[in-house]
Amino acid sequence: MPLDTSTYSLALLRIDGRRWNELRQLRGQVRTQAAADGSSYLEMGNTKVMCVVTGPSEEGKQRRGGGAGTSAGGSTAQGTNVADIVVSVVVAGFSTTDRKKRARSDKRIQELQATVSKSLAATLHTHLFPRSAISISLHILSQDGSLLACLINAATLALVDAGIPMTDYLVACSAGSTSSHAAGDERADPLIDLNSQEEQELPFLTVATLGASDKVAALVCESRVQVGRLEGMMAAAADGCVGIRAYLDSVVREKGRKMVAEGAVEKGVNMAMDIDA
């Protein structure tokens, strides 16, 4: 069923009742897997992703088959002075309505793995772990739009839980336009955090920024869109990243307060690390 966009100009509301600049409901948890070095669970609307981080470990680099990996210098060779980031994406058969099973060799899965890996390489301090590998396993439990953004945000939470040094939170958000490319409307309004139905009908892109700043770490646009709309879509996505970053930070801080209350960590203890640029 095609998406009826006529309601945008009348009530300024979207199909799910949100305004153009409103995010879907966010739900996140960290340390969901006790046996993992770092783990997280994130919901962005009905898109649900679970992430498990293992490493840094030298053993992981020797048996790194199956995932897409990259180092900060763009090399995957053994013996480099930076850690490799190995990303594996697993799509559950029940994550979509069509119950389609995707193989690990699926081109779409490989693109997601490479994008997440290269984006994280820009913010992680991989030079602190030479000749090692950081393995990130992402499990897609449900898909309802903004999949790449949810994958990056879930990986960020798990990496924070694992205690791997990074410059700042790497957060991502999708943005779209209220009319299709064929309409040729240069004044179309931008939308943020698109759901699956909106992504099928509207041009959209995904922007990943570093922390609350406007520094873009990743930009993925796979649909045709007029150049005049692109700047507004990127600005809207950057604003959405600020809100997502604030939520991820609140999840981490809340978990820290619970750990202090339970006595797992002494209050006021700092784990300082000398990080050389």
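**Entry 1: alanine 172**

I looked up the neighbours of alanine 172 first. Leaving out residues up to four places away in sequence, alanine 172 touches Ala149, Ile152, Asn153, Thr206, Val207, Ala208, Cys241 and Ile244. Contact here means heavy atoms within 4.5 Å. This is a predicted model, where local features need pLDDT of at least 70, side-chain atom pairs count only at pLDDT 80 or more, and totals for chains, interfaces and linings use all residues. Residues are numbered from 1 along each chain as its sequence is written, and side-chain values use heavy atoms, with hydrogens and water left out.

I found alanine 172 in strand β7, residues 170–177. Strands are DSSP runs of E, at least two residues, and helices are runs of H or I, at least four, numbered from the N terminus. Is alanine 172 buried or exposed? Alanine 172 counts as buried because its relative accessibility is 0%. Buried means under 20% relative accessible area, with a 1.4 Å probe and protein chains only.

I then checked asparagine 153.

**Entry 2: α4 and α6**

I turned to helix α4 (residues 147–162) and helix α6 (residues 227–262). They pack at an angle of about 30°, with axes 11 Å apart. That makes α4 roughly parallel to α6; the term covers angles under 35 degrees. Asn153, Leu157 and Val160 in α4 meet Ile244, Leu248, Val251 and Val252 in α6.

**Entry 3: the chain**

I noted six helices and 10 strands in the protein chain. Buried residues make up 44% of its 277 residues.

How values were computed:
Axes are lines fitted to C-alpha atoms, for helices over the stretch in contact, and angles run from 0 to 180 degrees between N-to-C directions. Angles under 35 degrees count as roughly parallel, over 145 as roughly antiparallel, 65 to 115 as roughly perpendicular and the rest as oblique. Buried means under 20% relative accessible area, exposed over 50%, partly exposed in between (1.4 Å probe, protein chains only).
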